[in-house]
Amino acid sequence: MSPLPAPGAPLPHYVSTAPFDPLATESMTSAQSRIHLASQKQLMWWKFKQHKLALISGIFLAAVYLMIVIVEFLAPYGLHTRNVDFIHAPPQRVHFFDKGSFVGPFVYGRSMTLDIDTLHRVYTDKTNDVQPIRFFCRGDAYKFWGVAASNYHLVCPAIGGQMFLLGTDRLGRDVLSRILYGARISLTIGLIGISISFVLGIVIGGLAGYRGGVFDLIVQRLIEVLQSLPSLPLWMALAAIMPVTWSPIVIYFGITVILGIIDWTGLARAVRSKLLALREEDYVQAAQLMGASTPRIIGRHLVPGFMSHLIASATISIPGMILGETALSFLGLGLRPPITSWGILLTEAKSVSVIAFYPWLLYPIIPVVLVILAFNFLGDGLRDAADPYK
């Protein structure tokens, strides 16, 4: 034990004479420095990439929405092209080898006979009739988005042949082509509907949370009433109001508006809860003292702070709208022919007897399930990425 210094004697100083290094005690590795200097968007992107299912779902949905832009080019047949000699034809298998030699992708021609006992058409492959599949070829004429006339397709049947990879329906129309065309309606109706509910949810929920008082009370009671009503019967009642004399385009936008009006309640409550917590912050009071209007405070200062959470919530809501359109069209209360959607295609398979004899008419349910799952996985990933510090 060192002796104590004498009274009045100066205390010893232990000062390092080495040059001062401000980062000596806070040295970071290159990986830590990269995270420390990253922006909010970079952190969100890195967090999102860790969710592999969300990343794969995002790529899948991007490809699907790109597909609906050029669906006329991708579909092997026109939307209303009928093959009267191949009604309710089952799917054809794609072959690559014929009699042991490589030919390339092709299908066999078919012959049809009528079963006298069941009165059903029976199709058999003719192995001596090889029909090569053509790529980047001339086929059925179409108008690209109803404007530019063309007949160029990605894939076509052999000249004078047939290619029904997913079979045909009761009018001899190719099911694969109609699924591709139906994707344009079923997928865009979800985006337009969520855009309507997004705007309503932000405006009504924002005013209720920021203003409070009687307006907030009225909005909350209205939301509780709408959420207490079963969604499907309410959609059916509103869809039944639309006159049958309306054009298909007007009915399309009518169904979109109905889905958007019904779905805004959940988003409005999320916005209201956020604004109730943020409206007392110092920067909001500073904006009020500077004379900023209510729309400016909500739109420029409050909503951008949790926009990522709103986008994630909206992404999860899109599958509900796609299912809503599919259900209404399947029940005959939504879109009507000649507009084609996945719900309308599923009306072909209403009866058990049809499903038993022609199960390929249920194939439109496959893209519905895949898109719904992809949106749910993408929404989960966006929700986690919205708060990258967790």
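Which residues have the most contacts inside the largest nonpolar core? Before I answer, please keep in mind that this is a predicted model, in which local features need pLDDT of at least 70 and side-chain atom pairs count only at pLDDT 80 or more, while totals for chains, interfaces and linings use all residues. Residues are numbered from 1 along each chain as its sequence is written, and side-chain values use heavy atoms, with hydrogens and water left out.

The residues in question are Leu187, Ile255, Leu310, Leu335 and Trp342, and the core they belong to has 66 residues. Helix α5, residues 175-211, gives the largest share of this core, 12 residues; helices (H or I, at least four residues) and strands (E, at least two) are DSSP runs, numbered from the N terminus. A second, separate core has 9 residues, among them Tyr77, Tyr123, Met163 and Phe164. By a nonpolar core I mean a set of buried Ala, Val, Leu, Ile, Met, Phe, Trp, Tyr and Cys residues joined through side-chain atoms within 4.5 Å, where buried means under 20% relative accessible area, exposed over 50%, and partly exposed in between, with a 1.4 Å probe and protein chains only. In soluble globular proteins, nonpolar side chains tend to be buried together.

Let us look at one member of the larger set. Leaving aside residues up to four places away in sequence, Leu335 touches Ile185, Ile251, Tyr252, Ile255, Glu325, Ser329, Ser341 and Ile344, a contact being heavy atoms within 4.5 Å.

Now to two residues in loops. Trp360 is found in the loop between α14 (352-357) and α15 (365-385), and Trp360 counts as buried because its relative accessible area is 8%. Beyond four places in sequence, its partners include His88, Pro90, Leu166 and Val175. His88, for its part, lies in the loop between α4 (71-74) and β1 (95-98), and with 14% relative accessibility His88 is buried as well. His88 has a positive phi of about 55° although it is not a glycine, and its contacts, again beyond four places in sequence, include Tyr123, Asp169, Trp360 and Leu361.

Next come the strands. Strand β2 (residues 101-115) and strand β3 (residues 120-132) run antiparallel and are joined by 10 bridges; two strands pair if DSSP finds at least two bridges between them. Ser111 stands opposite Thr124 in β3, and in the hairpin, which has 4 residues between the strands, Leu119 takes a positive phi near 60°. Phe136, which lies in strand β4, also has a positive phi, near 50°.
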